[in-house]
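Student: Hi, can we go through this one together? I'd like to start with a helix.

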Amino acid sequence: MADRTSDPDLTRRLLLAAASSRDIDVAPLAQGVDLHGLARAAEHHRVTTLVFSRLIRCGVELPADLSELTATATATVRARRLHAQRTIAAIARATDASFLVFKGPVLAAGWYEDPDHRDFGDVDVLVRRTEFERALGDLTSQDFELLTANWKGFLDHEVAELPLGFETSIVDLHWHPIALGGVRRELRLDEWSLFARAQAQLLGTVEVSTFDEVDTLLHLCIHTGLDGARRLRGLVDIDRVVTSGRVDLGEFLARARHAHAHALCAAVLQRCRSTIGTDVEPSLLRALAPWREWLPLNRSIDQWGARHSGTESVAPGFLITQGRVSRRATIAAVGRKLPEMVAVRAGRHGRADAGGPLDWQRHSPSRDVARQRQAYLEWVSDGSLRARRCRDVDELHRLLGHLQPRTTPMLGAAFLDGLESHRCRADLLEHPDGSVAAALVRYRWTLGRCTGFPALLDASAAGRLAELVERSDATDLAGMESDTTPLEEGITRWGSVTEATVASVPPGFLWEDEYDTTRPATRSDLPEITELVWNHAPQAFPNAWLLRRRLKRAIADLAFVVEAGEPPRLAGVMLRDSTTPEYHYWAQIVIDPQFRERGLSWHLIAAGAAEAGRNGVGGLVLIAASNPMPVPDDAKAPESWTFVTLDPPRRVKGERRLRW
């Protein structure tokens, strides 16, 4: 018969049973198990006091050295908790910035019957992003020591926390609960809502603010899932919160879906259910699952882990860490992660390993530290704006429609196919109060050709808007001078610039003069229009095929041509690019050079204005720089229009491109 004391499966079963909140008599399971091996596994998972206190309650007699180990571990946890309270009180004295405390000490005090059963290593504090620099300055001017100089690595990967030392404690000062920027863009956990829903909790004699019950469970599922749900302590935390009966699971489902974290939540809760018996309704798991195969796939991994993982890991965690909002997004996340895993297996440093890019003890040359620190803090301060994807044309129009005709080109691009199509995307930068600071609409005209239309409503958002453009696949940037010029400093891909004049007439306007030299363009005009635009338009197209395809669409919508000469022949063209409910957007006027300075542009403008007037809308006309002319007296000309050709998009080190 095999020696039971060396059977890791029995040790694993005892470890999981002792950590569970279920009322289980673990004494029979402890018979013949190597308790010293159990102690090593419990210490690895940081559940020593929880597991061995359960054994003692069930009447298991411990060897003297393990009894002493348990007493020492309990005293250590109690000392950490008391020192955490002292640390939090010191933070409150040092800064007037509002902050939330989460994880460690608040979980121990709020969700465990005995706080000594929940060990922790540091104190996690969340401040608002707008107050982060001030809070950091307040703390470091007191008794808190900044423990990192790896500013470049933290900025490259958009790390949202900094480690501080206070006496014997480590404080992780966060401006967002999710550490890495790439993950934050996918999971969309709104830190402002965490503050709005926060509730008070008493830690000893210190009152702190922390997440409400639903946000606590949501954050635990995200944090544990991103760590692979391999460690038992994370599953135990979730088990205690779920079985408390204090969480509104319907609201939890809604918030998990809103944060795009339901895949992580489903997989982690399923692992809690299968390993330590957490009472989770299968209907909740099914509602959380982003697609049908997600839960069976993770269940098979958990079953394999129960047979092969031993006590070092609950189960493999790679797939869980990459769980995203959809099947396609999860596969893409796996594809991005695999090369890093292969590199680590080949001997390269992992991101957070000693010597890796996120090693907080890694130092830059002293001459660069101050500059890199300032760059990081400026980036954090500038990032108080929240970025979100706008998916509804009507909402975009409600937010920006009142700014027409300035915003007509970007709204017209959105109205062409809608924001849910493969052609058009809209990103908004919003202040904490929900007001729009900037917007970027990208329209993909054809393969390899994507125009970005920016709108800068708040000058302080120029840096963030430039960052959106920089990380996008935009090949061109088109907009009013006040929207594009402030972005030049922040865009390394900035290329050649063409300026034009913009003129608009109000809705319902009817020009008195109409000229018989103009007519709507037809398909038979396509060869001549293509040659004219290819040779004389100020914005060059990469090839004639793309231009011809673009012009076909414009002619199918509406374009006017003007004829001149004897016999009359096509001398100029004006293309309607798109429309909104209030304005027509006429993208460009091109006149054959031999017919310029004859007033033919006026003929085209009159035709466009008449068409707009007949439809009860206004007209926005962009006059090409190759054919300068005065703006009509009765038209509004707020500023110049600029068209910027961007260099090919490339990745910023440490980041992926903004996804289309």
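Student: Which residues of α22 are buried?
Tutor: This is a predicted model, by the way. The buried ones in α22 are Ala462, Arg464, Leu465, Ala466, Glu467, Leu468, Val469, Glu470 and Arg471.

Student: OK, sheets next. In what order do the 12 strands of the open sheet run?
Tutor: The order is β8-β9-β10-β11-β12-β19-β13-β18-β17-β16-β15-β14, with mixed pairing.

Student: Which strands stand at the edges?
Tutor: β8 (386-390) and β14 (518-520). Each has a single partner strand, so one side of each has no neighbour in the sheet. From one strand to the next, the twist averages 25°.

Student: How do β12 and β19 run, parallel or antiparallel?
Tutor: Antiparallel, joined by 5 bridges. Asp476 sits opposite Thr645 of β19.

Student: Which helix lies across β10?
Tutor: Helix α21, residues 408-417. It runs at about 50° to β10. Other strands it lies across include β9, β11 and β16.

Student: Is Asp417 buried, partly exposed or exposed?
Tutor: Partly exposed, at 33% relative accessibility. Arg553 is partly exposed as well, at 32%.

Student: What is the salt bridge partner of Arg576?
Tutor: Asp557, with the closest N and O atoms 2.9 Å apart. Arg576 is in strand β16 and Asp557 in helix α25, 19 residues apart. Arg576 is buried at 11% relative accessible area, whereas Asp557 is partly exposed at 36%.

Student: How many salt bridges does the structure hold?
Tutor: 36. One of them joins Arg81 to Asp116, with the closest N and O atoms 2.5 Å apart. Arg81 lies in helix α5, and Asp116 in the loop between α6 and β2, so the pair ties together parts 35 residues apart in sequence.

Student: Are those two buried or exposed?
Tutor: Arg81 is buried, with a relative accessible area of 15%. Asp116 counts as buried too, at 6%.

Student: Back to strands. What does β5 pair with?
Tutor: β2 (residues 123-127) pairs with β5 in the parallel sense, over 4 bridges. Val125 has Leu173 as its bridge partner there. β4 (residues 161-166) runs antiparallel to β5, with 6 bridges.

Student: How many residues lie between β4 and β5 in the hairpin?
Tutor: 2. Glu167 in that turn has a positive phi of about 55°.

Student: How about the core? Which residues touch the most other members?
Tutor: In the largest nonpolar core, of 115 residues, they are Leu55, Phe132, Phe252, Leu269 and Tyr376. Helix α14 (residues 262-275) gives the most to this core, with 8 residues. A second, separate core has 30 residues, among them Cys424 and Met480.

Student: Last one. Where is Gly347?
Tutor: In the loop between α18 and α19. Gly347 is exposed, because its relative accessible area of 61% is over the 50% cut-off. From Gly347 to Pro581 is 60 Å, C-alpha to C-alpha.

Conventions:
Residues are numbered from 1 along each chain as its sequence is written. This is a predicted model: local features need pLDDT of at least 70, side-chain atom pairs count only at pLDDT 80 or more; totals for chains, interfaces and linings use all residues. Side-chain values use heavy atoms; hydrogens and water are left out. Two strands pair if DSSP finds at least two bridges between them. Axes are lines fitted to C-alpha atoms, for helices over the stretch in contact, and angles run from 0 to 180 degrees between N-to-C directions. Contact means heavy atoms within 4.5 Å. Buried means under 20% relative accessible area, exposed over 50%, partly exposed in between (1.4 Å probe, protein chains only). A nonpolar core is a set of buried Ala, Val, Leu, Ile, Met, Phe, Trp, Tyr and Cys residues joined through side-chain atoms within 4.5 Å. A salt bridge is a side-chain nitrogen of Lys or Arg within 4 Å of a carboxyl oxygen of Asp or Glu.
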